[in-house]
Amino acid sequence: MFASRRGALAALLLLCCCCFAPNAAVAELADKLRDDSELSQGTAKTFRRIMPVRFYSLLEQNPVANATLALRSCTIFVPTNEAFQRYKGTAQVLYHMTTAAFSQSQLKTSVTSDMEGNPPLYITNGRNGDIYVNNARIIPSLSVELTNREGKRQVMHIIDEVLEPLTAKSSSTEMNNMDAMQFMRVADQLNLGNRTLRTYRTQVTMAKKESLFESPGFHTFLVPIDEGFKHSTRSGLVDAKVIDGHVIPNTVIFTAASEHDEPKTSAAFEDQIKVTVSFFKQKDGKMYVKSNTFLGDAKHKEGVVLAEIVKANIPIKNGVVHLIHRPLMIIDTTVTQFLQDNGENGALRKFYEVIMDAGGGVLEGINNLSEVTILAPSNEAWNISSIDNIVRDRKKMTDILNMHIIKDRLNVEKIRQKNANLIAQVPTVNNRTFLYFNVRGEGADTVVTVEGGGVNATVLQADVAQTNGFVHIIDRVLGVPHTTVLGKLQTDPMMSDTYRMGQFSHFNDQLNNTLRRYTYFVPRDKAWQKTELDYPSAHKKLFMRDFYYHSKNLLERHLVIADHAYTMKELVQMSLTDTVVLQTFRDSLKVKIEEEAGQYVILWNYKKINVYRPDVECTNGIIHVIDAPLLEEKDIVVSGGSYLPESSICIMLANLIMITVAKFLN
């Protein structure tokens, strides 16, 4: 009945179209846009530039579209030239039109398109307040309102994507504005590439969850394709709760308008189980979705599961469908299998390539661990020039890769517990190398950073759960320096006091020089805090700008300048024969370095100073983070007035109060 009514309407419009010079109606729309005095010259020029010849031609050739423009009110969504250049299919003109006039402010929730048998056009708001029609953004400044010769109001919006309707492989397949369940039942007949949905559809039927996919309203459905069930036992793990976790109720999310990493409540959200779903985009343009089971049970483990969106933004009667490459919520692969699954063309492709190029030892080592956590650099993290030479050095690359592997199941909550009173220090399978974690914020605002081998990385995707551990995707390759000594001081939370002290006298400025090689013994913040407890007055003056001359002299002893930056291992070897003499800004530094129970110790001036973090590599040197400053009794002389470097002698002011520190750290 519905189809026959639409056919009659089309015939009527076609008849009217012939009587009212239809092509003139299309021309009138364009002509008015060019000639309308209310349009600024810039807007008219912009329209002429972006109005696609292809779309204009399609309008002219479509009798129903012509009749609508000639006789009725309407809204037309016009893709830009650039949108047409990107689009590989044939644009459906009627899917870009609706027979009612809507300004931007009047577009609410959804509008009905003129394309028979297709779902509505969904209206959503993006991250920046932009209005989207399905996955296309309306360009705000280019919307135009007109009145045709029949006095009917018409509105045109310029959009940045071609609107893609749901279409069938064969013209004989009837399109009847199908819901999500109907979509899955006839998926084999639709233009979805070579993707099939039989396995998931079967599981939905067996779990008696058809009503979830038939429910009226505006929902987002995440549907795994058959390829995602290649692990033989995976389909048996898809139960009613897992199916619920693939649906975001009462919210339509198209990828372009999605709020990245903004958790949305799934249908699996109740007292016994709580699952959120969020979208995110890689820099290479690939879209992913992730489930986070943060309250699970014996069958549904807590943790994050990632899935690539292989076909996005399929509009249906009750929302939108995104096809994903594997089911969410199901944790059924080891860390090794996860790397292999995501190594061919996935989010960790480059990381996996480097692992394989380094030989089988690294992957075999991961596979042999009963509990393991991997810090996996994203594909973009490898796009730095300094890494090219290292990749060719198999031994060096193996050491760097092992720096990313932890023999423990370490999720963010466990890191937070370790981080309760200090920055968490965690050993890796690379002997002598520790990672230093820092956690800030709560819930969705949590930010986790990790430092290893001198590189600070931010965790982009945390807690990707596997049967034997976790994978955290990070934004940098650990152990491959990308910043100078100065850059490291500026960004590392453990060295902020030393950085602040060096700013007073501009001592830090030299540390950006990439033509020099520095070895810098940097007291960590806790070392300065201990000094404050033991000698509060002297510590206070050291961190006052007026007394920068003293702090500068003190820091000069900690900075070694040579043709070579010294690792701790090298300094230990040098110390085997005699005291090591290192040339610093302030005369020379005489030390011996020993290794005690796997930890380095500096012997200086009858003191033992632990090296808390050795070998923090930078592009122009190495930092060794130490547990106490290199202080002598004569180091600090503080007066009540300001000091100027003499360029040489400080001008002594009246009423000097000399404070000499007789003894510093034991």
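Residues are numbered from 1 along each chain as its sequence is written, and side-chain values use heavy atoms, with hydrogens and water left out. In this predicted model, local features need pLDDT of at least 70 and side-chain atom pairs count only at pLDDT 80 or more, while totals for chains, interfaces and linings use all residues.

Most residues other than glycine have a negative phi. Threonine 109 sits in the loop between strand S2 (97–98) and strand S3 (110–111). Helices (H or I, at least four residues) and strands (E, at least two) are DSSP runs, numbered from the N terminus. The relative accessible area of threonine 109 is 43%, which makes this residue partly exposed. Buried means under 20%, exposed over 50% and partly exposed in between (1.4 Å probe, protein chains only). Tyrosine 606 is exposed, at 86%.

Two strands pair if DSSP finds at least two bridges between them. Two bridges join S3 to strand S4 (residues 121–125). The partner of serine 110 in S4 is tyrosine 122.

Asparagine 508 lies in the loop between helix H18 (496–504) and strand S23 (517–523). Leaving aside neighbours within four places in sequence, asparagine 508 is in contact (heavy atoms within 4.5 Å) with Leu486, Leu489, Tyr499, Gly502 and Gln503.

The lining of the largest pocket comprises 37 residues. Lys290, Asn292, Gly443, Thr446 and Ala462 lie nearest the pocket centre. A pocket is an open set of points on a 1 Å grid over the protein atoms alone, where a 1.4 Å probe fits, with protein on both sides within 12 Å along at least five of seven lines; lining residues have an atom within 4 Å of a point. Strand S21 (455–466) is one of the elements that supply at least two lining residues. S21 gives the most, with six.
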